[in-house]
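Biologist: Hi! Could you walk me through the contacts in this one?

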Amino acid sequence: MLSVKNIETWYDLIRALHGISFEIKQGDIVALLGSNGAGKTTTLKTIMRLLEDDQPEKGTIEFMGKRIDRMDTEEIVRLGISYVPEGREVFPELTVMENIQMGAYTRKDRQGIKDDIEGILKQFPILSERRNQQAGHLSGGEQQMLAIGRALMSRPKLLMLDEPSLGLSPLLTKEIFAIIQRINQEGVTILLVEQNVNMALKYSHYAFLMENGRIVRADKPEVLREDDDVKEFYLGIATETSAKGYKRYRRKVRFR
Amino acid sequence: MKKVLVAVMILCAAFLIPMAAGAAKPGFDDKEIRIAQWGPQTGPAAPWGSVARGSDILFKIINDEGGIHGRKIKYFIRDDQYNPAQTKAVVKELVEREGVFAFVGGVSAAAGMAVKGYLAENKVIWVGPATAINEYVFPVQPYLFGIYPLYEDEASILTKYAVEKLKAKKIAFFYQNDAYGKSGLEGCKARMAKLKMKLVEESSVEPGEKDLSSQMLRLKKSGADVVIMWVNPTSATIALKTASTIGFKPQWISSNTLSDYPLMNKITGGLWEGVITGAFALAPDSDTPLLKKYREAAKKYAPEERWGTFYMAGILFAEPLIEALKKAGPKLSTEAVLKQLNSMKKFQGIGPPVTWSPDVHQGSDSIMIQKCGPNSTYITLQDWTTNELATWKKKK
Amino acid sequence: MAHFKVEHLSIAFGGIRAVNDVSFEIEHNKIFSIIGPNGSGKTTIFNMISGIYKPNEGEVVLENENLVGLRPDTIARKGVARTFQNIQLFGNATVMDNLMLGRHIHMKTGIVSGACMWGKRSRAAREEIRHREVIEHIIDFLDLQSLRDQFVSNLPYGKRKLVELGRALALEPKVLLLDEPSAGMNTEEKDDLRIWIKDIQEDYKVTILLIEHDMNMVMGISDRILAINQGVKIIEGTPQEVQKHPDVVAAYLGEED
Amino acid sequence: MDMKRDYYEDIELFKSSTVLVWTIIFLLFLFTLPLYLPSYNIYLVNIILVNVILAVGLNILVGYTGQISLGHAGFFAVGAYGTSLIMMHLHFPFPAAIIIAALIAAFLGFIIGLPALRLEGPYLAIATLGFGLTIMHIIGRWEIFGGRMGITAPPLDLGIPNSSLSFVIKGDVQIYYLILIMTILLVIGARNLMKTRVGRAFMSIRDDDIAAEVMGVNLTIFKTMSFAVSAFYAGIAGGLYGFVVSFFDPFSFNLILSIIFLVMVVVGGLGSVLGAIMGAVLITYLQYDLLKNVENLPYLGGLLVAISKQWFTVIGLANFGGIALGLIMIAIVIFEPLGMFGIWIRIKKYWKTWPF
Amino acid sequence: MFEMLLIEGLAIGACYGLFGVAVAIIYKTSDVVNFAQGEMGMMSTFVAYHIMTAYGWPFYIAFPATLIFAILLGMAIEFCFLRPAKEPTVLGLLILTLGAEMLLMGLAGWKWGAEQKDFPFLLSVHKTVEIFPGFALNEWTIGVFVLTTVVMVLLFLFFRYSKLGIAMRATQQNENAAKIMGIKVERVFSITWGMSSLIGALAAMFFAARSVLDPNFMMEPFMRAFAAAVLGGLTSIPGVVIGGLILGIIENFFGYAWPEWKPIVAFVVIILIITVRPSGLFSKHYVKKV
């Protein structure tokens, strides 16, 4: 469905993505794991074309057989990719309803939008209760649901979520993941960036592990779960010391 | 080291570049006399710019008639944006690079003050500043000749007219907060003191203000039956419109600055009818042969221009200079022209009679009083009148 | 008496308790790490220590002096320096100038003496030279020689992190707060950083507070670790204790059910 | 890269002997300028130098500290009026008068800097704008300042007036040397200041005020200090301006002037002393010289008159100057955000490869 | 006298407020204080004048034509000057709009000359209408009140209920998120400028009817409208209008009592107010995040 081939993304002089490639199959939940600054969010932004105009600098992105790496964000949204950014990014001074309406910005069918709003409100009863409140006043979990609901309004075929569990309590996290799973069962493919490794691995069908702008592991969750590297990565249970060790060559080059 | 060498060479070259330096060029030669004027062509004061363009008409007429004793007049206009610093820059450039014999007109009191000393130092004649302030002519600056009647005199005459002819009981004064408005106020007050009366209200406006409701309400509250205003056209327009809005309808009297009836009547939307103003020139629509000639010339040379008071004033300010140049004869020199100017007696073009003597360089003390009639026609209420209270004539 | 301690620190933003009753103590010249998932309130604690946020409750005590309520610049003068999670350098200045700003509180040059810096012997120049020597040590220490005159905005991410660390060091702090110093660095740089932090501890004799996600690093260099989640303290202890604590495992890997 | 042998080299005035030589040549050129420049241009140069002083000072505030001021004409006016009035009424010698006037301006700068601590962007813009208008209005209203009529500057006396120590400066050329020396001193002063602790503190406030505070920079002190220093420069510039023009009225110090000052700094290049100088020179030159009499320009003049006849009016042609200035401002912001300083840097880079 | 001062103050204040709304709309979406705002209004008014005097068309044709021109002018300025500027600083933007101001003022002066013109406006300042017995207002004042109210209500409805209006608010609150929704952010800016220019042109025509028409006539009103907008907080549209009304009332009452200080009193009051409330009266003070 989505195939990313060898993309490179630069922030000014810094290469954030070192040529990554992966593919996502229709109907899957795919997790993108990795530490802070590994390039997960950059990957999603590159796909959505939210970075500078000339990014990605190299490589191709295809969605349902169409090249989208030079399309406008708006067209990408129309094609059926939806993105829930990290930190939710709801419109704080818009009401919940208005936020949801904005999700359908690219659509023209009034009746369809109306029905979909009904559907979203049914799916997230809490939003229905608060439909006329300003989104900025919602709690973190509610905002996350709003962001997901908003993203669904464009009837996406692929939904990309950036750290949906960020700052949420375990209970809420579970709820969010249940929702994600439900959405997936309704036929939406999901690409998920997550720090909550256990959760991500539990719900996903496939997972990539990123580090320093590269994909270093790609495997089924069952395999990754038992992997020592993953454990080390997240808990620092050191199994080996790095090659460089504690030795360091300090060049004592002086100016005078 | 190489760089140093190159640098030294360039330095030497820079020193060797021969460049003209030195004093002001003479203002005339066998073929032409150079005359110049500064005036704002852009910026907030740009409406006054037509004065400088008006003078051009007179010079074109003279040139078409063969010039003055074989010399054509070359005329320069420079835009100073109503900024004294820029005036000084353009005047210096004109005097020292182009070589200017005389300046005529010149809007803005401050600009004139900034260059007055410089022109005297360089012995450049300056005739007819388009502003009347006492500092120009008292004490006498030997190269500066004023034509414009002093605002004090004008205000005094107008006040007298209001009291004696209009039988005004309560007079209020509405003025612009600058040299122009303040000298008007002084003239009015002097006359009032003489008549043992007091102004019922004096209200001021900053030149740029666009909302005059509070000023008008104050004037209304004072119950004045005559309001004398010493403001610019924009302020006057807003004032009249606002006054009409609040139902305040006194007899308006104003300085000659606002004597362009067609313009004023148009921009006030017809409210100008019935306003009495001072005038320092014949009515623009009058049919004296001289005025007719100028009007025809303006149509021919500058069809874009509107024949208005400011434009006419440009001609008026230049007339005495041309007269003096003619009289000075073919052997032209600054001294010769000065001599003619200093002995000018009751010269009259389209403006007031002008008289200069070596001791008094304020050429005119008379104004006419006119009234805006229907269809912006000029009704002359009172012919050239002098201010018998004028203090400067007694000083001598 | 502990060198540096935080007592019952709490803050709420619009009703949400970002940090709730967190206390800890640090011995002099020790490395103390704070770990926890994103959004758990670690940076907020730093912001309260350095005076950017005013805590609703609690105390921050450095050498028996309460820092709460002081302005950030006064707190800096008391000897607290920090780095930021998403680098806050002065982008339009050179590395040298950035580092020199770290010396700000140790310098005295005012307007007049600064403007009158005529020649090498003027007061401003002498002071300037003296402090540049100090900075040169830091440049040596962090291997920044080749970058000293570069503009910060042209540097790669990892180098900027180092410059920020250098700037904090230049302040000669008693307590150094490092907010995710290794984020965005590659493995090699991380290894270097780890050693540098150790060196800083030894050479500069400062107390170091560290927020870090790289567990290798945290476990390798920390003397003690505080784990928080949702603004609440989970456990404080040695790396081994913390590592094994079930709540920490849960917070990081997520609940298993 | 040149090798450095000493820490002082970082902060010294002339980074290398080449720079030193060029600077000396340039200074020699400046000092001998009256020999080969027509004297009417000396007046223009004086105005330019006054604007250079002001732009360098404004740049400290706008370029280095990152604040906005739309009221610098106010400080400029305080300098001009202060200097002249102190000399006229208190008979102080010029150096004392101008410094007192500039200190008054600096104090006002400090006062306006206080609300600036909490204001940003348009809020600061309107506050400073209001300040400028207020100063203009107070001068125009109070007769002790000469009112709206304006005042004539007294003789420029460097010594004690009316005594044997009197030393009066007259004429553009003599004033030129006075201004030139002051400009050089003030420009070097500004440049030195920006190289030291205070300058770094200013820059840190501009780039990241929170980080600056965390590094121990007291925002209150340094923000107000920046306003004060900048106002001081404006005051000095104003004091000199009064004598260059010899007559001034409150209207000379209007909002348009404040805006032009700001334009100089931005067009020249924010945050660089050289940029401010270049901006002041360019904008003043355009305003006072090049964009005057466009109809007399070779080639372009005729074309413009033709255009005017076809679509516009010939009498309005003088407005072309304003249009050109507006377009230059727009073009510089769009194509070279660093201003003329940015262009300079590029040229320098280009010439580095030249065999020289 | 009191009610007259009040009415006059409110009328001119409403005019400032209306123009301030134009300033605020642009500030809200693109963070620029548009110093060319006054001149954009001036240009549009001149176009209306030109249509009426040079072609002799009646007001009811000139008026809508001018409004269309105003929209196009606003969009053109955004497209030609603001959009090409890459990552401009706040000051850079300021200089851009100042450049546009000088450009427009120059063009108007070049085309129409500096002499004051009379703007033939539908509503006259000296025809009064008796609204109810004993209470008369002039047409202009009624027009200002009606227009300001209508514009406010329309803007309210537009921003509250129309998809585009909500999208504009969304863009202003979070540009990135708006992009993610598929909102064409650039088009939103363009529309914003068009709308602002339209409202500015309306206000400018009212100012012209009250004073005179010349290339400089909007300088002073712009400054006051800007001040009013800042007083109101620049972010809330009713706030800006209320700011304008406050300004008009202060100026008139204060100007009545102490006429010589009228031109600056509003600014002094505003400086004092924003010193206490750094973001104006009706907006929340924004806190920078680390």
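Biologist: How many salt bridges does the rule find across the interface of chain E and chain B?
Modeller: The rule finds 4 there. Keep in mind that this is a predicted model. One of the salt bridges joins the side chains of Glu209(B) and Lys262(E), at 3.8 Å from N to O.

Biologist: Which elements of chain E give two or more residues to the side that touches chain B?
Modeller: Those are α1 (2-30), α8 (185-210), α9 (219-232), α10 (237-257) and α11 (262-276) of chain E. The residues on that side of chain E divide into 17 nonpolar, 8 polar and 10 charged.

Biologist: And what area is buried between chain E and chain B?
Modeller: About 3,000 Å², with carbon and sulfur atoms giving 57% of it. In residue terms, 35 from chain E are in contact with 34 from chain B.

Biologist: Switching topic: how is chain B divided?
Modeller: Into domain 1 (27-149 + 286-364) and domain 2 (151-279 + 369-395). Their contact takes 19 residues from domain 1 of chain B and 14 residues from domain 2 of chain B.

Biologist: Which residues of domain 1 of chain B lose the most area to domain 2 of chain B?
Modeller: Tyr148(B), Arg306(B) and Thr309(B), which together make up 30% of what that side buries. Arg306(B) also meets Asp260(B) in a salt bridge, side chain to side chain, at 2.8 Å from N to O.

Biologist: How many salt bridges are counted between domain 1 and domain 2 of chain B?
Modeller: The count is 1. There are also 6 residue pairs in polar contact between these domains, both residues at pLDDT 80 or more.

How values were computed: Residues are numbered from 1 along each chain as its sequence is written. Chains are lettered from A and ligands numbered from 1 in the order in which they are written. This is a predicted model: local features need pLDDT of at least 70, side-chain atom pairs count only at pLDDT 80 or more; totals for chains, interfaces and linings use all residues. Side-chain values use heavy atoms; hydrogens and water are left out. Contact means heavy atoms within 4.5 Å. Buried area is the accessible area (1.4 Å probe) that two parts lose on being put together, summed over both. Helices (H or I, at least four residues) and strands (E, at least two) are DSSP runs, numbered from the N terminus. Ala, Val, Leu, Ile, Met, Phe, Trp, Tyr, Cys and Pro count as nonpolar, Asp, Glu, Lys and Arg as charged, and the others, Gly among them, as polar. Domain bounds come from an automatic or database domain assignment. A polar contact is a pair of N or O atoms within 3.5 Å; within protein, one must be able to donate a hydrogen and the other to accept it, and residues adjacent in sequence count only if both atoms are side-chain atoms.
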